[in-house]
Amino acid sequence: MIFEPIHRLYYQPESLLEQFFSGKIFPAKYFNLHINGRKLRIQRISDCHVDDIAYLLKNLGERSKRFRFCSDLSHVAEEFFDNLAQATVKRCQVQGYGLIVFDSETEEPVAMSQYVSNGARSAEFSITIADDWQGNGLGKILTDRIMKQAKKDGISHVEAVVAHENTAMKLILMRSGYRFSKAYYPNCSMYKLYLG
Ligand SMILES: CC(C)(COP(=O)(O)OP(=O)(O)OC[C@H]1O[C@@H](n2cnc3c(N)ncnc32)[C@H](O)[C@@H]1OP(=O)(O)O)[C@@H](O)C(=O)NCCC(=O)NCCS
């Protein structure tokens, strides 16, 4: 028997993931994936995740915070992230769809991503991977999932605001079909994806 070492990422067959994300697998409320031998649990964002989201955002390094919010939040009060987490959960439930990822061993939140509708059929996309988990393919996986869900939900186009130096995010967006739309703030640009 040949055992394959787990070096990079593998996850369950596409069809099972698809069923989970579309809510067809019932009563499953989460899905496992493995990255570099670590088991992660991916779930839809719901009411119980406010503290996890606040924790994830507060613990980002300065660079990641700057990339995530396209501004310098190094001196912002912790309360800002608590309020933002609450708003994010509400908006995901009412106006969109979000996913959160936990390290199954430590139960720490390691990533989240969401689309939130900002008009009849348009939406904003954002994503956050904890510093220690960046560069392992999670960004790509979550982006793919959220875009598929947005399309399924009838969203016609999605926008993402990205800092000019955020090479990883730009790579992910361009490969997902996003195109440059306009310069936004001094250091950011908006990218758009048309879903049809
Ligand atoms: C930007 C971000 C979402 C990317 O997610 P990630 O899981 O780190 O990225 P991935 O591992 O999926 O990598 C995507 C691609 O970018 C490349 N990449 C990753 N980190 C990189 C870096 N620091 N510089 C250049 N390229 C990089 C990867 O090699 C990969 O390309 P490949 O498929 O050719 O190998 C993540 O780093 C993050 O959350 N950063 C802080 C918050 C943020 O920037 N949010 C986005 C604004 S909404």
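This is a predicted model: local features need pLDDT of at least 70, side-chain atom pairs count only at pLDDT 80 or more; totals for chains, interfaces and linings use all residues.
## A tour of the model, stop by stop

Residue numbers start from 1 along each chain as its sequence is written. Helices (H or I, at least four residues) and strands (E, at least two) are DSSP runs, numbered from the N terminus.

Now show α5 (residues 138-152) and α6 (residues 167-176) whole: they pack at an angle of about 40°, with axes 10 Å apart. Axes are lines fitted to C-alpha atoms, for helices over the stretch in contact, and angles run from 0 to 180 degrees between N-to-C directions. That angle makes α5 oblique to α6, the label left over once under 35 degrees is called roughly parallel, over 145 roughly antiparallel and 65 to 115 roughly perpendicular.

Next, helix α2 (residues 50-58). Which of its residues are buried? Pick out Asp52, Ile53, Ala54, Leu56 and Leu57. Buried means 20 or more other C-beta atoms within 10 Å of a residue's own; exposed means 12 or fewer, and partly exposed is in between, with C-beta atoms placed from the backbone. The buried residues of α2 pack against α4 (78-95), β4, β5 and β6 (122-129).

Hop over to strand β8 (residues 179-183), where the count of buried residues among its five is zero. Four bridges join β8 to strand β9 (residues 188-194), and the two run antiparallel; strands pair if DSSP finds at least two bridges between them. Click phenylalanine 180 and look opposite to find tyrosine 191 in β9. β8 and β9 form a hairpin with four residues between them.

Last stop: two loops. Most residues other than glycine have a negative phi. Asparagine 36, in the loop between β2 (30-35) and β3 (38-44), has a positive phi near 50°. It counts as exposed because it has 11 C-beta neighbours inside 10 Å. Glutamate 107, in the loop between β4 (96-103) and β5 (109-117), has a positive phi of about 65°.

Methods:
Two residues are in contact if their C-beta atoms, placed from the backbone, lie within 7 Å.
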